[in-house]
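I opened this entry to keep track of what I looked up. The structure comes first, then my notes.

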Amino acid sequence: LNTHRSPLVVIIVTMDAGDLVVKPLRDFAKSSARLIKRCTKPDRKEYFAICSRTALGFIVMGFIGFFVKLLFIPINQIIVGG
């Protein structure tokens, strides 16, 4: 009979079932509260920079999608033969 237990089994047996659930949630809540306290609302200049870069990204991705579609229409016509 093997009486040797692995360390994982010993840790799980010795910990409360509540600790397995409560401790990670408590740690998550503490780190989330710390993050919220450090966050600041962007000022007008920073907000404008974020919005303009996001809009530029949308425009660039739209042009890329348009040109890819424009490129594949003739290729699809050649493959399908229609």
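I read along the sequence and noted the pattern α-α-α for the protein chain. I counted three helices and zero strands, both taken as DSSP runs numbered from the N terminus (helices H or I, at least four residues; strands E, at least two). The model is predicted, so I note its limits: local features need pLDDT of at least 70, side-chain atom pairs count only at pLDDT 80 or more, and totals for chains, interfaces and linings use all residues. Residues are numbered from 1 along each chain as its sequence is written, and side-chain values use heavy atoms, with hydrogens and water left out.

Next, the surface. The protein chain exposes about 8,100 Å², 70% of it supplied by carbon and sulfur atoms; the areas come from the Shrake-Rupley method with a 1.4 Å probe, and for residues only the protein chains shown count as cover. Of the 82 residues, 0% count as buried. Here buried means under 20% relative accessible area, exposed over 50%, and partly exposed in between (1.4 Å probe, protein chains only).

I then looked up helix H3. H3 covers residues 44–80, 37 residues in all, and reaches 53 Å from its first C-alpha to its last, close to the 54 Å expected. The expected span is 1.5 Å times one less than the number of residues. I found a kink of about 25° at Ile 73, shortly before the proline Pro 74; the bend is the angle between axes fitted to the seven residues ending there and the seven starting there. After H3 comes Gly 81, with a positive phi near 80°.

I noted a nonpolar surface patch with about 980 Å² of accessible area together, its members including Leu 56, Val 68, Phe 72 and Val 80. Patch residues have over 30% relative accessible area and no salt bridge; like charges are joined within 9 Å, nonpolar side chains (Val, Leu, Ile, Met, Phe, Trp, Tyr) within 5 Å. Val 68 lies in H3 and is partly exposed because its relative accessibility is 41%.

I searched the whole structure for salt bridges and found one. The rule is a side-chain nitrogen of Lys or Arg within 4 Å of a carboxyl oxygen of Asp or Glu. Asp 27 pairs with Lys 23, their closest N and O atoms 3.2 Å apart. Both lie in helix H2 (residues 17–38), four residues apart, about one turn of the helix. Asp 27 is partly exposed at 39%, and Lys 23 is partly exposed at 45%.

Last, I checked for disulfides, meaning pairs of cysteine sulfur atoms within 2.5 Å. The count is zero. Cys 39 is partly exposed at 47% relative accessibility, and Cys 51 is partly exposed at 33%.
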